[in-house]
Amino acid sequence: MSATGIGAAVRRKEDLRFITGRGQYTDDINRPGQAYAYFLRSPHAHAEIKSIDTRDARAADGVLAILTGDDIAADKVGGLICGWMIHSKDGSAMKAGAHPALAQGKVRYVGDHVAVVIAETLAQARDASEKIKVDYKVLPAVVDMNDAVKKGAPVIHEVSGNNTVYNWHLGDKAAADAAFAKAKHVTKLDIVNNRLVPNAMEPRAAVGDYEPGTESFTLYTTSQNPHVARLVLSAFIGIAPEHKLRVIAPDVGGGFGSKIFIYAEETVCVWAAKKVGRPVKWTADRSESFLSDAHGRDHVTHAELALDEGGKITGLRVNTKANLGAYLSTFSSSVPTYLYAPLLSGQYDIPAIYAEVDGIYTNTTPVDAYRGAGRPEATFVVERLVEVAARETGVDPAQFRLKNFVRSFPHQTPVIMAYDTGNYQAALEKALKMADYRGLARRKALSARAGKLRGIGFSAYIEACGIAPSAAVGSLGAGVGLWESAEVRVNPIGTVEVLTGSHSHGQGHETTFAQLVSDRLGIPIDNVSIVHGDTDKVQMGMGTYGSRSGAVGMSAIFKALDKVIAKGKKVAAYCLEASENDIDFKDGKFSVKGTDRNLDFGSVALQAYIAHKFNGQDLEPGLKEGAFWDPTNFTFPAGVHICEVEVDPETGITRIDRWTAVDDFGRVINPMIVEGQVHGGIGQGVGQALLEGVHYNKDGQLVTASFNDYCMPRADDLPSYNVGMTQTPCPSNPLGIKGCGEAGAIAAPPAVINAITDALGHEDVPMPATPLNVWRAAQKAVAKKAAE
Amino acid sequence: MPKVSMTVNGKAVSANVDARTLLVQFLREDLRLTGTHVGCDTSQCGCCVVHVDGKAIKSCTVLALTLEGANVTTIEGLAQDGKLHPMQEAFRENHALQCGFCTPGMIMTSVDIVNRKGNTLDEQTIRHELEGNLCRCTGYHNIVKAVAAGAEAMAK
Ligand code: FES
Ligand code: FES
């Protein structure tokens, strides 16, 4: 392994600009003559708009335009889309209501977009918005899913009379019912997976620009996938054809899913830029982020696990209601269906599984993918059930898992997925050692002496990443293919630019992708630069989410590098007057087999462009190759996290005493960056388990709409993490990568809750396990113990 | 519009500003020093931390006009003579940043912690002192390591 090649903990190339304040985020971009947009948002969760009077506002200082749903309709700008078709059990298509970028006749959640004011300054736009008079007829709102499906509930979209978007299912009901009929033991759980706000530290932002001379648009925006944004804005929303629309996603300050989607604000900014003849800038303030960034999770589930007399799992039944909010966001329909139920087998050999999912409209902010997207919800169901089943049957939870793990690969689950490779017991055994499981009893006794309750919680998670084989997702309803593209451009002096359709918003692609190139071409890492985030530079791309940039994005680069090396061999063969078959490429040198005649990579690059040594008709000049990579399977990162907590029964305060993570991500390019991804994921998962939760009041007002009210994890809420790895290389891509971006967020919540419930003598506790929730559960546990 | 003058990163600057202009807006919009970020509207996140007269403050929470004559250092002014500050080096060396959005505020806060608490910092102190700075990417583990390492390096 070289110091900068695959497997090395190379320090990040992108860091210099970030630590010196020279990053270029969207809000740092200012276009000459730019005006500012301010969105007037609905204060009501559900209302008819009877009229909008903008006369006074139009006359206010600095106002350039005030645009409403009527204007966007008149210009025939299409509505926002949901790109994944889900069919209900009865075969009918999901019932999706229209989603205009500016409300047309009705608002459906607090924060819905009523009008936009465009003015010389942001202060003027904001001031003028207060002069807009909207006559609302307030309608009853519904925020609770059970209320939403009741007869007589307020109807949010006419197309979906019972507020149900789909009743979907997966698996074999008859087989699962049969397993339960024969079961020796059945474990049942009711689970709420709390709603979260992604809260990337950089708020969303957009700058729309229009160049009348070429009739072309440019949109700078906080996007994880600028090409997908361009595709949707062009082909579906109809802003401009793709060759007249450039989307630039510069440095992006975190995404976690929330910046995948194509929202109203960027659509309006780019459309309005032409309308007002000025660049238009919008940057969310944090309150707007809370109201308008797609939220995550929000499931209510009943789940049952069937065991035979030997403690083997024989069946699983799951019934979930998924809150989709007031409109279907870009990929929302897929999250509680195909990103959720196919993971319900966990790491276990479960012969029969049946899952039903109802997707439900409520008068709340739309819900879509948030770090893990469906897989954390599935893991929470499986790992809570398994833990409780082990306790109910009096089996050590580690032993229970070991008994039920999948042991041979490939393994076909009853819910679509074919696990390719893994070694689940190895990860668990390593984690048990690292966590000093043997010493637990002693530590529990020590805590008890101090009046504290100590508990341990396991989470053996699996996820499907490397999203995704195009044909497979196409057959499941996706509107796009999920390949990735790359182009490797070699310059005449042998330096290299790699253009990738992946997008880095914290993942460190400028480093890891360069490590791959340095490793394969045998050139210094400083001679490689990675270009991403601009649709005019990078030909095509599907972006970054679902832990796909390594497994899919780097595979595309790998394939393009193959082509560069193959072309280099041809060039070298001419220059060294040898046959192409006799040329070897190793350690940055093209050499004639069995001789000491060779040319280094830079010389071959130069010869490729000088082209004196070969006839351009036989061999094209130049050294530049592109490739698309379409995966043949999902990848299956898996691992075991162990959380150990100490609970104070008097105050309900939970302290995480130690955290052990053992993950199998397949081959690792940069362990420092991978561990960083694990740390961050755990941080968000612990946030969900202990601190974070969205709360709406019954009128649909978002009560947790600022960092004062929504509890984000801070440094003193979180522990240090002890991170280890096992490795079974992924067989379906050339690098053997599985992906690591979401693991921590998927693994952490059940580990924490399993630990707290262990401390509380198995008393259940809801997420977030705030001191109040834990204290209540502790009191119940104490009362139960007293009654025994 | 009233006029305000101050020293920013060693340079004298003055401008006429709307009375409601916050320091962070003055830095970002008037001076185009965009390294100082805005992550919230409730003084909670610390993305905007700069030093005013040697002390860390949240620049989203102070009006530019109140800082007449002040000496302001932003992240852009931390490296001296082309040499990174030890805390900047420590953040890079310990992989204490991912998206980089919280990083300028984190580094400015961290330097302030060392100024107040000295060069030997235990984990608990660091975690407690970082309370006013949110990071959504790193889970803080490597930030805590970086602050400890940077604190030691600052003693040299
Ligand atoms: S911008 Fe969040 S504290 Fe200043
Ligand atoms: S590095 Fe992204 S918020 Fe801290």
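Entry 1, largest pocket. I find 49 residues in its lining, and A:Y36, A:L122, A:A123, B:Q25 and B:E29 lie nearest its centre. In chain A, β1 (35-41), α4 (122-129), β12 (280-283) and α9 (286-292) each give two or more residues to this lining, and in chain B α1 (23-30) does. I note a space of about 1400 Å³. By class I have 18 nonpolar, 13 polar and 18 charged residues in the lining.

The model is predicted, so I keep to its limits: local features need pLDDT of at least 70, side-chain atom pairs count only at pLDDT 80 or more, and totals for chains, interfaces and linings use all residues. Residues are numbered from 1 along each chain as its sequence is written, chains are lettered from A and ligands numbered from 1 in the order written, and side-chain values use heavy atoms, without hydrogens and water.
A pocket is an open set of points on a 1 Å grid over the protein atoms alone, where a 1.4 Å probe fits, with protein on both sides within 12 Å along at least five of seven lines; lining residues have an atom within 4 Å of a point. A volume is the space filled by probe spheres set on the points, which are joined across faces, edges and corners. Helices (H or I, at least four residues) and strands (E, at least two) are DSSP runs numbered from the N terminus. Nonpolar means Ala, Val, Leu, Ile, Met, Phe, Trp, Tyr, Cys and Pro; charged means Asp, Glu, Lys and Arg; the others, Gly among them, are polar.

I list β27 (654-664) and α18 (671-691) of chain A and α4 (123-129) of chain B as the elements giving two or more residues. The lining divides into nine nonpolar, six polar and six charged residues.

I looked up the axes of α16 (residues 549-575) and α17 (residues 601-610) of chain A: they come within 9 Å and cross at roughly 80°. That makes the two helices roughly perpendicular (65 to 115 degrees). Axes are lines fitted to C-alpha atoms, for helices over the stretch in contact, with angles from 0 to 180 degrees between N-to-C directions. A:V564, A:G568, A:V571, A:A572 and A:C575 of α16(A) meet A:F601, A:V604, A:Q607 and A:A608 of α17(A), contact meaning heavy atoms within 4.5 Å.

How values were computed:
Angles under 35 degrees count as roughly parallel, over 145 as roughly antiparallel, 65 to 115 as roughly perpendicular and the rest as oblique.
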